[in-house]
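Please open the model in your viewer and keep the selection tool at hand.

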Amino acid sequence: MMAGMRISARADYAIRVLLELAADTTRPITCEAVASTQDIPARFIKAVIRDLRQAGLVRSQRGCEGGYWLAKAAGDVTVRDAVVAVDGEFLSVRGEPRPALSYHGTAAGMAPFWSDVEAGLDAILRATTIADLLTDAAPARVAT
């Protein structure tokens, strides 16, 4: 069995937070409510929401009726936006950003290969919005 590609817990949590906020736009939702509904550890939720807010994807409302809202329409927020908000640029090989990689000799074809992988992943993440995931209308999936 092939080991899967690794997506950080923070990226997974960020997407789930955005889905939860997109599901009910009539009122702000608290960190605690999102953490409970999505089974996200409380120690992570505030940091993830902070990153989403700093990226302009989430806005906050203070006070008794406070909580968080999507800052944009769910159809205008891509999965890539969420991943980059919490993890920064997403593809690295051996812990190095892809553009910094250098290959020699018989492995020289690896650099363009990783570039193609990055472009494919980027295209899928850019093409998929939070609204798509909420309605299960994500772009065509690759057969496994």
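**Helices that cross**

Helix 1 and helix 2 are roughly perpendicular to each other (an angle of 65 to 115 degrees). The model is predicted, so local features need pLDDT of at least 70 and side-chain atom pairs pLDDT 80 or more, while totals for chains, interfaces and linings use all residues. Residues are numbered from 1 along each chain, and side-chain values use heavy atoms, without hydrogens and water.

Select residues 9-23, helix 1, and residues 31-38, helix 2: they pack at about 110°, with axes 10 Å apart. Helices here are DSSP runs (H or I, at least four residues), and axes are lines fitted to C-alpha atoms over the stretch in contact, with angles from 0 to 180 degrees between N-to-C directions.

Next, display Arg16, Val17, Glu20 and Leu21 of helix 1, which meet Val34, Thr37 and Gln38 of helix 2 (contact means heavy atoms within 4.5 Å). This contact has three nonpolar, two polar and two charged residues.

Beyond its neighbours within four places in sequence, Val17 contacts Val34, Ile40, Ile45, Val48, Ile49 and Leu52.

The axes of helix 2 and helix 3 come within 10 Å and cross at roughly 115°. Cys31, Glu32, Val34 and Ala35 of helix 2 make the contact with Ile45, Lys46 and Ile49 of helix 3. Here five residues are nonpolar, none polar and two charged.

Notes
Helices (H or I, at least four residues) and strands (E, at least two) are DSSP runs, numbered from the N terminus. Angles under 35 degrees count as roughly parallel, over 145 as roughly antiparallel, 65 to 115 as roughly perpendicular and the rest as oblique. Ala, Val, Leu, Ile, Met, Phe, Trp, Tyr, Cys and Pro count as nonpolar, Asp, Glu, Lys and Arg as charged, and the others, Gly among them, as polar.
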